[in-house]
Amino acid sequence: MAIKPVIDLRSDTVTKPTADMLSAMNSAPLGDDVFGEDPTVNTLEQRLADMFGFEAGLFCPSGTMTNQVGIKAHTQPLQEIICHRESHIYNYEGGGLAFNSQLSMRLLVGNRGLITAQQILDNINPEDIHRPTTTLVSQENTSNREGGAVHRVTEYEKTYVVCQQHGLKHHLDGARIFNALAVTGDSPASYGNTFDSVSICLSKGLGAPVGSVLVGNKDFIKLSRRIRKVFGGGMRQAGVIAAAGLYAIDNHIERIADDHRRAKQLEEALKSLPYIAEVFAVDTNLVIFRLADDMLADTFISELKSQGVLAIKMGPQMVRFVTHLDVDDADIDTTIKVLKSL
Ligand SMILES: *Cc1c(COP(=O)(O)O)cnc(C)c1O
């Protein structure tokens with residue numbers, strides 16, 4: 001057996017396709033998806049739409065694109081989006097809310113990344129020529145920068161009522177929605193009753209090499225398909241990568257619980273170390289922690305790297321570990337040994 005050069009805990013995006021996933025990709029029926037003729041893409045889009053209780057789906061190269069396309073389809077320039085200050089759409093999509101959709105942003109804090117019904121009520125702009133019109137609320141589940149925090153669909157039932165009463169659209173950045181579902185046991189279909197659109201990543205916990213799907217009603221997806229084309233996201237024989245997503249949906253959902261168990265092991269180990277000041281509560285596969293005293297994330301990460309363990313910086317003293325398909329129990333044991341030796 002080959003010796004693994006490194007234990008890569010930077011992100012769940014680093015996974016490589018398994019041999020079985022590659023053979024599913026190899027045998028997928030293909031066509032030109034810009035003509036709507038790729039059977040594998042069509043199957044994947046409809047599969048996720050049905051699963052999440054929506055009419056239609058749209059396959060995109062990235063979760064950034066599914067979010068940005070969906071947000072553009074829901075809004076017009078001069079309008080305002082309500083989102084969390086720690087959200088991916090604000091922090092990690094390159095300013096796309098302003099660039100692609102010309103939106104004003106209302107950034108909220110607290111509640112481990114959840115925007116509550118009361119917060120929405122308190123932040124809808126009044127009808128006033130000075131104010132941008134509030135038209136969209138974007139949620140994130142799990143919340144990445146809040147340590148993979150999980151929110152239950154019952155929370156979104158409450159926020160959706162407020163959105164509907166005030167004519168706002170309700171979008172979910174569900175890059176890690178399958179991690180959330182593994183914890184709550186909520187049915188994916190319940191999301192069709194609580195959101196106008198959901199963005200789902202295949203390339204995170206599901207372990208596909210590339211791709212995300214946006215789901216919503218038919219008219220919304222029709223418009224989103226036009227926007228995806230304008231953004232340069234119309235792909236041709238995209239079934240070759242969509243097949244990996246379908247394979248992951250059939251084979252990699254159950255195993256997500258293993259990632260969560262391993263993340264808990266890391267959390268427990270970190271809590272016992274003198275040089276760790278704080279570990280965010282671990283709900284899923286993300287482990288975010290703050291280093292004690294004046295230890296810098298850069299220093300800590302390079303020391304870990306010299307021992308064969310990779311982590312990612314989340315702030316000057318904040319570090320993140322992520323468990324995933326390519327990390328096994330032995331890797332966790334090794335990581336804990338390295339942490340204890342520092
Ligand atoms: C990873 C991620 C995305 C999408 O990222 P891409 O790298 O563009 O696929 C969106 N939202 C959250 C919360 C994420 O973690």
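I find Thr142 in the loop that runs between strand E5 (133-140) and helix H7 (153-165). This is a predicted model, so I keep in mind that everything here is computed. The peptide bond leading from Asn141 into Thr142 turns out to be cis, and its omega is near 0°.

Next backbone entry: Leu78. I place Leu78 in the loop between helix H3 (63-74) and strand E3 (79-84). Leu78 isn't a glycine, yet its phi is positive, near 80°.

On to the pocket. Which residues line the second largest pocket? I wrote down Ser11, Thr13, His88, Tyr92, Asn144, Arg176, Lys204, Ile312, Lys313, Met314 and Arg320. Sorted by class, that lining has three nonpolar, four polar and four charged residues. Strand E12 (residues 312-315) gives the largest share of the lining, three residues. For the space inside, I noted about 160 Å³.

Why does the second largest pocket lie between domain 1 and domain 2? Both domain 1 (7-14 + 255-341) and domain 2 (19-251) give residues to its lining, so the pocket sits between them.

Last, the helix pair. I looked up helix H11 (residues 256-271) and helix H13 (residues 329-341), which pack with their axes 10 Å apart. The angle between H11 and H13 is about 10°. That makes H11 roughly parallel to H13, as angles under 35 degrees count as roughly parallel. I also checked the hand of the crossing of H11 and H13, and it is right-handed.

Definitions and conventions. Residues numbered from 1 in each chain as written. Predicted model: local features only at pLDDT ≥ 70, side-chain atom pairs only at ≥ 80, totals over all residues. Heavy atoms only, no water. 1 Å grid on protein atoms, 1.4 Å probe; cavity = no way out; pocket = protein on both sides within 12 Å on 5 of 7 lines; lining within 4 Å. Points joined across faces, edges and corners; volume = space filled by probe spheres on them. Helix = DSSP H or I, 4+ residues; strand = E, 2+ residues; numbered from the N terminus. Nonpolar A, V, L, I, M, F, W, Y, C, P; charged D, E, K, R; others polar. Domains from an automatic or database assignment. Axes fitted to C-alpha atoms, helices over the stretch in contact; angles between N-to-C directions. Parallel < 35°, antiparallel > 145°, perpendicular 65-115°, else oblique. Left-handed = near helix turned anticlockwise from the far one by under 90°.
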